[in-house]
Amino acid sequence: MTNRDEQASDDEHSGAPVDFDRLDVIADRCRTDDRFKDIDRQPAFAPDRIVLTYDPGFYPESVDTARLEIVWYENGDFSVHYHEETIEGSFDHRWDRHPSEHNARDHIHPGPDAPTPGTDASDPNDWRDVFSLVLEEIEERQRAFWTDT
């Protein structure tokens with residue numbers, strides 16, 4: 001289901017165990033959030049993460065689907081991958097904190113194609129602040145669909 005290339009997948013690993021308790025907390029908090037139409041815990045294609053599928057009402061018809069894939073590690077490392085499928089192709093943007101040979105520990109692989117290397121960043125320590133930051137950036141992208149036309 002994911003369109004990431006092999007390098008991106010290999011590049012997301014922290015080396016620490018996956019924090020499934022944290023992923024459960026995130027999934028539980030998002031269950032009542034109207035932004036998401038579906039929450040998939042440990043899907044077969046990505047058993048180390050949760051996948052939040054956005055409600056299509058936040059997007060114009062040119063966007064077929066949009067989702068957020070989240071993996072969190074017990075040492076606080078993470079990878080949050082935003083993916084859209086559109087009539088013109090796809091859009092990928094990823095926020096990462098993990099050891100890296102190409103960037104600082106905190107870095108972003110910006111859209112539209114989440115290149116490696118990405119851009120060094122400085123993310124908050126608390127997972128809730130990181131998640132809020134991610135959701136705000138996605139909201140800005142969603143708003144732009146409606147204001148740029």
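Which residue in β7 is the bridge partner of H107? Hold that thought while we set the ground rules. This is a predicted model, where local features need pLDDT of at least 70, side-chain atom pairs count only at pLDDT 80 or more, and totals for chains, interfaces and linings use all residues. Residues are numbered from 1 along each chain as its sequence is written, and side-chain values use heavy atoms, with hydrogens and water left out.

**Exercise 1. Find the partner of H107 and place its strand in the sheet.**

Step 1. Helices (H or I, at least four residues) and strands (E, at least two) are DSSP runs, numbered from the N terminus. Two strands pair if DSSP finds at least two bridges between them.

Step 2. Look at β6 and β7: they run antiparallel and are joined by 2 bridges. The partner of H107 is D120 in β7.

Step 3. Now turn to β5, which is antiparallel to β6 and joined to it by 4 bridges. Here R94 sits opposite H109 of β6.

Step 4. Zoom out. The open sheet has 7 strands in the order β1-β2-β3-β4-β5-β6-β7, with antiparallel pairing. β1 (36-41) and β7 (119-120) are at the edges with a single partner strand each, so one side of each has no neighbour in the sheet.

**Exercise 2. Work out whether the side chains of β6 are buried or exposed.**

Step 1. Buried means under 20% relative accessible area, exposed means over 50%, and partly exposed is in between (1.4 Å probe, protein chains only).

Step 2. In a regular strand, side chains alternate between the two faces of the sheet.

Step 3. On one side of β6 you'll find D106 and I108, on the other H107 and H109, and all of them are buried. Both faces are covered.

**Exercise 3. Describe how α2 meets α3.**

Step 1. Axes are lines fitted to C-alpha atoms, for helices over the stretch in contact, and angles run from 0 to 180 degrees between N-to-C directions. Contact means heavy atoms within 4.5 Å.

Step 2. α2 (residues 20-30) packs against α3 at about 50 degrees, and the axes are 12 Å apart. That makes the pair oblique; under 35 degrees would be roughly parallel, over 145 roughly antiparallel, and 65 to 115 roughly perpendicular, with the rest oblique.

Step 3. Who touches whom? R22, V25, I26, R29 and C30 in α2 meet W127, R128 and F131 in α3. By class, this contact has 5 nonpolar, no polar and 3 charged residues. For the classes, Ala, Val, Leu, Ile, Met, Phe, Trp, Tyr, Cys and Pro count as nonpolar, Asp, Glu, Lys and Arg as charged, and the others, Gly among them, as polar.
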